[in-house]
Amino acid sequence: MIDRDIKRSLGQMMKGVQVVGATHDGVQRAYTSHWVCQVSFDEPIVMASISPKHDTYRLIRDTGRFSVSILAGDQVAAGQYFSYPGRKFHHLADELLTSTPSGLPVVVDSIAWLECEVFEVKEAWSDGTPSDHHLFFARVIEVGPGRLKEPPLLYSSRLGWRISGDKAREP
């Protein structure tokens, strides 16, 4: 169990909100995440932290591909919709999703979407203990720029949903 002070401190971290999607054998899933980040400039690489208990995990593991939709501040409804476990969906909301040219699900009118190809998965910590989330490192192989000028949707477990706003630095 994580220490209360550590949990509260980590909960202050503000992160962008994305919807991660995958498709395999006719099954399509998408879920809201705030644990996707860019990890390289020279080569477009992202890292997604995904629980093996999540229903999307198997789809990504089996295909080695996933999509990331970067949500805008006005897309809280889509973020909330996909935050429920996929196994509870009887269907995915067609009005919220479209597909990349290769068929991966992405959120309609997102800031941008990324199509990613996995090249490495880290399943355990340095001491060899199994982790509750696996880290999927992937190359961005295609993008769909959308509403790039819109402010992104942000999330913190302590502060909840937020919209990025004014510049913090003086000119």
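Is Phe82 buried or exposed? Phe82 is buried, with a relative accessible area of 1%, where buried means under 20% relative accessible area, exposed over 50% and partly exposed in between, with a 1.4 Å probe and protein chains only. The model is predicted, so local features need pLDDT of at least 70 and side-chain atom pairs count only at pLDDT 80 or more, while totals for chains, interfaces and linings use all residues. Residues are numbered from 1 along each chain as its sequence is written, and side-chain values use heavy atoms, with hydrogens and water left out.

**Aromatic rings**
- The whole structure holds three aromatic pairs, a pair being rings of Phe, Tyr and Trp (its six-membered ring) with centres within 6.5 Å, counted as stacked when the planes are under 30 degrees apart, edge-to-face when over 60 and tilted for the rest.
- One of them joins Tyr81 and Phe82 edge-to-face, at 4.9 Å centre to centre and 90° between the planes, and Tyr81 is partly exposed at 22% relative accessibility.
- Tyr155 and Trp161 are also edge-to-face, because their ring centres are 5.7 Å apart and their planes stand at 65°.

**The open sheet**
- Three strands, in the order S1-S11-S12, form an open sheet with antiparallel pairing, where strands are DSSP runs (E, at least two residues) numbered from the N terminus and two of them pair if DSSP finds at least two bridges between them.
- Strands S1 (15–16) and S12 (160–163) stand at the edges, each with a single partner strand, so one side of each lacks a neighbour in the sheet.
- Tyr155 stands opposite Trp161 in S12.

Conventions. Helices (H or I, at least four residues) and strands (E, at least two) are DSSP runs, numbered from the N terminus.
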